[in-house]
Amino acid sequence: MSSESPKTFTIKNYGCQMNVYDGDRMAELLSAQGMSAAADKANADLVVLNTCHIREKAAEKVYSEIGRLRRRDGSSPMIAVAGCVAQAEGSEISRRAREVDIVVGPQAYHKLPEMVASVARGENVVDLDLPGLDKFDVLPKRRKTGAATFLTVQEGCDKFCTYCVVPYTRGAEISRGFAELIDEAKALVDEGAKEITLLGQNVNAWRDGEQDLGTLIRALDQIDGLARIRYMTSHPNDMTDGLIAAHAEVEKLMPYLHLPVQAGNDRILKAMNRSHSRDSYLRILDKVRAVRPDIALSGDFIVGFPGETDAEFEDTLSIVREARYAHAFSFKYSPRPGTPAATMDEQVAPEVADERLQRLQALINEQQTAFNRDTVGKRTSVLLEKPGKLDGQLIGRSPWLQSVHILAQGLSIGDIVEVDIVDAGPLSLKGEITMRAAA
Ligand code: SAH
Ligand code: SF4
Ligand code: F3S
């Protein structure tokens, strides 16, 4: 245990983009307290592990990371475990890993400075309060942003899919207010953001009175200097007509939709408590593609859900063929303590799930490569986000969220350039500059 006031910090994020957003906010908060980001992460006085609980390996990674934080002289930095493992495991973490000083849930991290002060006085602190949106009233003004940045608009989940921990680790569905979000978006643009991705565990469930996510996107569209808007992750049941129409009407809204279906068989979808069917999902895609034929569709899949038969798994392959994905994540079902599916009969043997995952991923890779190849020969805009490995190379994103590698002198991160796509692989595209587009 550490007993001095830390001067430097480092934050390590695991899991979803919402943790990336929370990590940025914690960095802003600690900086506002006079601490600075450690230049040498290995020697930071305070290490925040911002954890994810979604699958088993994610939690195990945290414990091995804690072990690795011990320094050669036997001492440890001050260690805070934040995020969803913190929320789910609570004080069990400091029992299992005694070097942990702070355990703080995803809705209590605005209290980090007080907690750090308590640890410096020799105490251990656990705060797993789920007070909803309190943290947003306390956090300092936005400072930390890249050219492409995140903005959490909605937190939590009321859907209770039978395999998932999120409703327990993030609490009930709750939306931040319209005016507050517009202010935060403007602050991000003032700090240099060109693209904002609106985030939520169910981002399209965002509401403020009569206003839905489509309304919020139309309002963000009016912010000068903001060039691109995205949102993720969406639930099929919250895909309103207003949001779909925004894809036709709002030019800044990028043609990308992350809409997980999880499985292609109705009996499995029911057992998962997904509350949509195979057919209702495909009908939503028809509506979206009617207004935005070039949409890049992305999804999440779980294979080996308890009781899934070979024939039911074939339905997942067939929905992938029908839906046509530009990109997708796929996972082997992982039983999570406290969720209904963990105690269901007929857990699928790991080798069966492995084989299904391989077949699914092969199909998804095929579709992803085909989608990327289809962009060769197109002229499109790219927002430059980071340096590449080669001299003079920059990496950016196309409107369809593909990575585009560009070799060009005189360009900077944050520039939006027009490029010709000249080559495509499974994971990235190669672009050549045609001209600098108006940002
Ligand atoms: N709210 C989003 C996704 C949240 S979690 C949605 O409903 O679509 C991200 C993804 O992790 C899920 O879409 C699901 O595919 C996967 N996932 C969640 N729990 C899991 C579990 N127990 N085992 C395997 N994958 C899981
Ligand atoms: Fe988890 Fe389902 Fe909620 Fe998504 S909708 S966060 S998968 S419970
Ligand atoms: Fe993981 Fe929590 Fe996100 S469990 S996926 S960090 S909401």
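Author: Let us start with A117, which sits in helix α5; helices (H or I, at least four residues) and strands (E, at least two) are DSSP runs, numbered from the N terminus. Before going on, note that this is a predicted model, where local features need pLDDT of at least 70, side-chain atom pairs count only at pLDDT 80 or more, and totals for chains, interfaces and linings use all residues. Residues are numbered from 1 along each chain as its sequence is written, chains are lettered from A and ligands numbered from 1 in the order in which they are written, and side-chain values use heavy atoms, with hydrogens and water left out.

Reader: Why is A117 called partly exposed?

Author: Buried means under 20% relative accessible area, exposed over 50%, and partly exposed in between (1.4 Å probe, protein chains only). A117 has a relative accessible area of 31%, so it is partly exposed. Its C-alpha is 9.0 Å from that of E4, a residue 113 places away in sequence.

Reader: What makes Q107 count as buried?

Author: Its relative accessibility is 2%, so Q107 counts as buried. Q107 belongs to the loop between β5 (102-104) and α5 (112-120). Leaving aside residues up to four places away in sequence, Q107 touches D129, L130, P131, G132, K135, E155 and R170, where contact means heavy atoms within 4.5 Å.

Reader: What does the side chain of Q107 reach at 2.8 Å?

Author: The backbone oxygen of R170. A polar contact is a pair of N or O atoms within 3.5 Å; within protein, one must be able to donate a hydrogen and the other to accept it, and residues adjacent in sequence count only if both atoms are side-chain atoms.

Reader: Now the rings. Why is the pair of F160 and Y168 edge-to-face?

Author: There are four aromatic pairs in the structure. The centres of the F160 and Y168 rings are 5.6 Å apart and their planes stand at 75°, so this pair is edge-to-face. The rule is that rings of Phe, Tyr and Trp (its six-membered ring) pair if their centres lie within 6.5 Å; planes under 30 degrees apart count as stacked, over 60 as edge-to-face and the rest as tilted. F160 is partly exposed at 37%, and Y168 is partly exposed at 41%.

Reader: How do you know that Y163 and F305 pair, and what does the pair tie together?

Author: Their ring centres are 6.4 Å apart and their planes at 85°, so the pair is edge-to-face. Y163 lies in the loop between β8 (154-155) and α7 (166-169) and F305 in the loop between β15 and α13 (310-323), so the pair ties together parts that are 142 residues apart in sequence. Y163 is buried at 9%, and F305 is buried at 0%. Ring pairs also link Y163, F305 and Y333 into a cluster.

Reader: Which residues come nearest to ligand 1?

Author: Of the 15 residues around ligand 1, the nearest are Y163, Q201, Q262, D300 and S334; a residue is near a molecule or strand if one of its heavy atoms lies within 4 Å of it. A polar side-chain atom of Q262 is 2.7 Å from an oxygen atom of ligand 1, and a backbone N or O atom of Y163 is 2.9 Å from a nitrogen atom of ligand 1. R55 has a side-chain N or O atom 3.1 Å from an oxygen atom of ligand 1. Taken alone, ligand 1 exposes 540 Å², and the protein buries 90% of that; accessible areas come from the Shrake-Rupley method with a 1.4 Å probe, and for residues only the protein chains shown count as cover.

Reader: How do the residues of the shell around ligand 1 divide by class?

Author: Into six nonpolar, four polar and five charged. Ala, Val, Leu, Ile, Met, Phe, Trp, Tyr, Cys and Pro count as nonpolar, Asp, Glu, Lys and Arg as charged, and the others, Gly among them, as polar. The shell around ligand 3 has four nonpolar, four polar and one charged residues.

Reader: What makes N273 worth a look?

Author: Phi of N273 is near 60°, a positive value in a residue other than glycine. Most residues other than glycine have a negative phi, and most peptide bonds are trans. N273 is partly exposed at 34%. The peptide bond from M232 to T233 is cis, with omega near 0°.
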